[in-house]
Amino acid sequence: MILGVDIGGSHITVGRVDTKNHKIPDSNLISTEVDSTAQAIEIIDQWIQVLQKSIDSLNKDKEPLEGICIALPGPFDYYQGIFAYKMENKFTSLLGINIKKIIIKRLALSDTIPLRFYNDAACFGIGEFWKGKLKSAEKALAITLGTGFGATFLSQGLPMLSGDGVPENGELYNIPFKNGIADEYFSTRWFIKKYKEATGVTISGVKDLITDFKSNPHTDQIFEEFSRNLAIFLSPWLKGFNVDAVVIGGNISKAWNSFADNLNTELKNQGCNTKIYQSELKEKAILLGGARLVNNIFYESLCF
């Protein structure tokens, strides 16, 4: 068994990935909320607690641990496992800490068990190419829409950090768009801001809008504007990288029926016929993508 781990700004999820069938039953998932603005020791203790619980369940079932792969947002020194860069609004207390060494020590991991790290959006794309919607796509784009705007460009299943049609580090969140950057338009806070401007009501997230779709003209207009913006922003990149397919995950993708048709229409208006898919694997794509890192040949083919 491999432990695939997804660490976000508000949670940690650990999934036991069966190396024979590469499936993750829901019963193999352990998740808990984590305050990424807390002190370092508190954050690390919560991570260790969930990881140890998963390892204990492996030991109970007499399943060997073959590796731990952790997906988390950047900027981060993935190769060394160090919070070498300051993140925006999260994990600031972990700056400069070698989390890899701490986890190895706290979990008493042997030298034969690989502990590897990689970008969460990239792991999402790797998982979707391996077991999801991007299986047949030679060139693909995987994006996650939620608290932030994650993206990874894939060529034959490998994340690309540079090359023709690929932005710097393969990231789209910081690309200028309209009066700001992409992350400000394709994340949860954009919906919150737009709904507040239209109605004076503060919502917690896109989930609050889904049941309101088509019954509230403001909601309808907000999703239409979102779809139009996303199509205008994505189309040059889809054309430039010659993308065969796009898969969309993250919490905003749960509102698929509220924006997918408009997104396809707007993309065609931009002269772009790329196939757009909703992720069916969802968070499991990140865990599966992370699990691929245990394969030494695959891991060594990645860019850092």
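Me: Leaving aside its neighbours within four places in sequence, with which residues is Thr 188 in contact?

Reply: Contact here means heavy atoms within 4.5 Å. By that criterion, and with neighbours within four places in sequence set aside, Thr 188 touches Gly 146, Thr 147, Ser 204, Gly 205, Val 206 and Ile 252. Thr 188 belongs to helix H4 (residues 188-199); helices (H or I, at least four residues) and strands (E, at least two) are DSSP runs, numbered from the N terminus. Please note that this is a predicted model, in which local features need pLDDT of at least 70 and side-chain atom pairs count only at pLDDT 80 or more, whereas totals for chains, interfaces and linings use all residues. Residues are numbered from 1 along each chain as its sequence is written, and side-chain values use heavy atoms, with hydrogens and water left out.

Me: Is Thr 188 buried or exposed?

Reply: Buried means under 20% relative accessible area, exposed over 50%, and partly exposed in between (1.4 Å probe, protein chains only). Thr 188 has a relative accessible area of 14%, and is therefore buried.

Me: In what order do the five strands of the open sheet lie?

Reply: Two strands pair if DSSP finds at least two bridges between them. The order is S3-S2-S1-S4-S5, with mixed pairing. Strand S3 (29-33) and strand S5 (115-119) are the edges, each pairing on one side only. On average, neighbouring strands of this sheet are turned by 15 degrees against each other, direction ignored. Strand S2 (residues 11-17) and S3 run antiparallel and are joined by five bridges; Val 14 stands opposite Ile 30 in S3.

Me: Which strands does helix H1 touch?

Reply: For such packing, axes are lines fitted to C-alpha atoms, for helices over the stretch in contact, and angles run from 0 to 180 degrees between N-to-C directions. Helix H1 (residues 40-60) packs on the sheet and touches strand S1 (2-7), S2, S3 and strand S4 (67-72), its direction making about 15 degrees with that of S2. Helix H2 (residues 99-107) also packs on the sheet, touching S4 and S5, and its direction makes about 145 degrees with that of S5.

Me: How many of the residues of strand S11 are buried?

Reply: In a regular strand the side chains alternate between the two faces of the sheet. Five of the five residues of strand S11 (residues 245-249) are buried, so this strand is largely enclosed by the rest of the structure. Ala 245, Val 247 and Gly 249 lie on one side, with Val 246 and Ile 248 on the other, and both faces are covered.

Me: Which strands are joined to S11 by bridges?

Reply: Strand S6 (residues 139-145) runs parallel to S11 and is joined to it by five bridges, with Ile 143 having Ile 248 as its bridge partner. Strand S12 (residues 275-278) is also parallel to S11, through four bridges; there Val 246 stands opposite Ile 276.
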